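Trainee: I'd like to go through this model with you, one spot at a time. Can you show it to me?

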Amino acid sequence: MLNKSTLLIYALLALPVYGQPLDDNERRLIDWIDGHAEDAVALLEETVNISSGTMNHAGVRAVGRVMQRELAGIGLATEWIEMPETVDRAGHLFARKESGDGPRFLLIGHLDTVFEADDAFQAFVRDGDRATGPGVNDMKSGNVIIVYALKALEENGLLDGIPVVVALMGDEEKSGRPLSVSRKHLVEAGVWADIALGFESAVYRDGQDWATVARRSSSRWILTVEGRQAHSSGIFNESVGAGAIFEAARILSRFYDEVRGEEYLTFNAGTIQGGTQVTYDPSQNRGTTFGKTNVVPNKVIVHGGLRSISTEQLQRAREAMRAIVADSLPHTSALIEFADSYPPMPPTPGNRQLAAELSAINEALGRGPMGELDPGRRGAADISHVANHTDALAGLGGIGEGGHTPDESLDLTSLPLGIKRAAILMYRLGRPED
Ligand SMILES: [Zn+2]
């Protein structure tokens, strides 16, 4: 029985020479994948047409049932992991095949999208080699690539030696809290794994493919501002002051002027409610507001996000924001609260080794070498939760545009490409000898 570190060395020793041409098994994989490209599109269409915004639990489960059918069909043992009621999320689909002597793979996808059931953007629409639809890129295409890469390996007799866990999360776009509960199974799978692969969208830019070896952390903040409600004829005088909305504007403007600008540090004010009657539910990202043009408002709530490359940078930004918040205008007060969401995924040597391997495959597929993507160019993902337990490579999904917008689209030719990359990567890293 080999332990985890022995397996890792064994996997690294198995690395092929760069520029190595495709072997017979790899050619068979490619033929199989090209022959099943339309089946992959059909699975994408089926899942995109099931609305599965994170808070639409029935929809997330329905997408999960489709993926369960597919993964069980490949012979993986599937399990729907329920979340406790207090977490208020649909749960996750895990599928396992733990037999085999090769390095252990964790393949990460997610079932949810940012488009809730009341969103106007709901349908898969195909136009030649391009498709639009909610989640068509982020990341139902990535889920399809996971399924078809495993199918290609299985149908060609190449999956037996590869231990694999597939984690399809039900709440990637809006993770359930606490993270210690909603990410427990994922982290356990990360401890088990030698190699984690994330299937969020692949990046093609400036005429080149890019590998994702690092991702920034992501966290949230809520700013609550209070002012003195009064007749607006008295605003700015000694007893009324500035009102909550001017104070909120001051704070956000100074965030923009003074905190913005450090490399890899970004923050966003996502939603704002202000007036004299204000409600906001951060778990739903929804609120209500009432106010009058002749009344000085007494309340504002702003909900935002913050991304950083390191824990130190995150702490520095939070301190600067707190100082600005404390510098209140007359008769106002404000409080900012921070909540962690994703840790950073730093660019480790192991991650870079995986990227070099993927780049060699990309070259063998005729697309040229891959660059290392600037971590400032993309957001966080669930792979960050396992990145301190295992080598990790992200961005193995499809290629598209407009994620998180009603223009989200996918280049359908990137489906077979992504399936080939993933299947050959697992095959090469999983080979017992070379
Ligand atoms: Zn995503």
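Here is the talk that followed, in questions and answers.

Mentor: Quick ground rules: this is a predicted model, where local features need pLDDT of at least 70, side-chain atom pairs count only at pLDDT 80 or more, and totals for chains, interfaces and linings use all residues. Residues are numbered from 1 along each chain as its sequence is written, and side-chain values use heavy atoms, with hydrogens and water left out.

Trainee: Let's start with the metal: which protein atoms are the donors of the zinc ion?

Mentor: Donors are N, O and S atoms within 2.8 Å of the metal (3.2 Å for Na, K and Ca), and since water is not among the atoms, sites may look incomplete. Here the donors lie 1.8 to 2.6 Å from the zinc ion. They are His110 (NE2), Asp138 (OD), Glu200 (OE) and Glu200 (OE).

Trainee: And is the site of the zinc ion tetrahedral or irregular?

Mentor: Four donors count as tetrahedral if all angles lie between 85 and 135 degrees; four count as square planar and six as octahedral if opposite donors are over 155 degrees apart and all others between 65 and 115; anything else is irregular. The angles among the four donor atoms run from 51 to 129°. That makes the site irregular.

Trainee: How many residues apart are His110 and Glu200?

Mentor: Helices (H or I, at least four residues) and strands (E, at least two) are DSSP runs, numbered from the N terminus. His110 sits in strand 3 (residues 105–110), while Glu200 is in the loop between strand 7 (195–198) and strand 8 (203–205). The pair links distant parts of the chain, and the gap is 90 residues.

Trainee: Why does Glu200 count as buried?

Mentor: Buried means under 20% relative accessible area, exposed over 50%, partly exposed in between (1.4 Å probe, protein chains only). His110 is buried with a relative accessible area of 1%. Glu200 counts as buried too, because its relative accessibility is 10%.

Trainee: On to the largest pocket: which strand gives the largest share of its lining?

Mentor: On a 1 Å grid over the protein atoms alone, a pocket is an open set of points where a 1.4 Å probe fits, with protein on both sides within 12 Å along at least five of seven lines; lining residues have an atom within 4 Å of a point. The largest pocket is lined by 49 residues, and Asp138 is one of those nearest its centre. Strand 10 (217–226) and strand 16 (299–308) are among the strands that each supply at least two lining residues. The largest share, six residues, comes from strand 12.

Trainee: Which residues lie closest to the centre of the second largest pocket?

Mentor: Strand 10 and strand 17 each supply at least two residues of this lining. In total, 17 residues line the second largest pocket. The closest to its centre are Arg177, Arg220, Pro282, Ser283 and His303.

Trainee: Last one: is Lys420 buried or exposed?

Mentor: Lys420 is found in helix 11 (residues 414–430). Beyond its neighbours within four places in sequence, Lys420 is in contact with Ile30, Ile33, Asp34 and Leu365. With a relative accessible area of 14%, Lys420 is buried.

Methods: Contact means heavy atoms within 4.5 Å.
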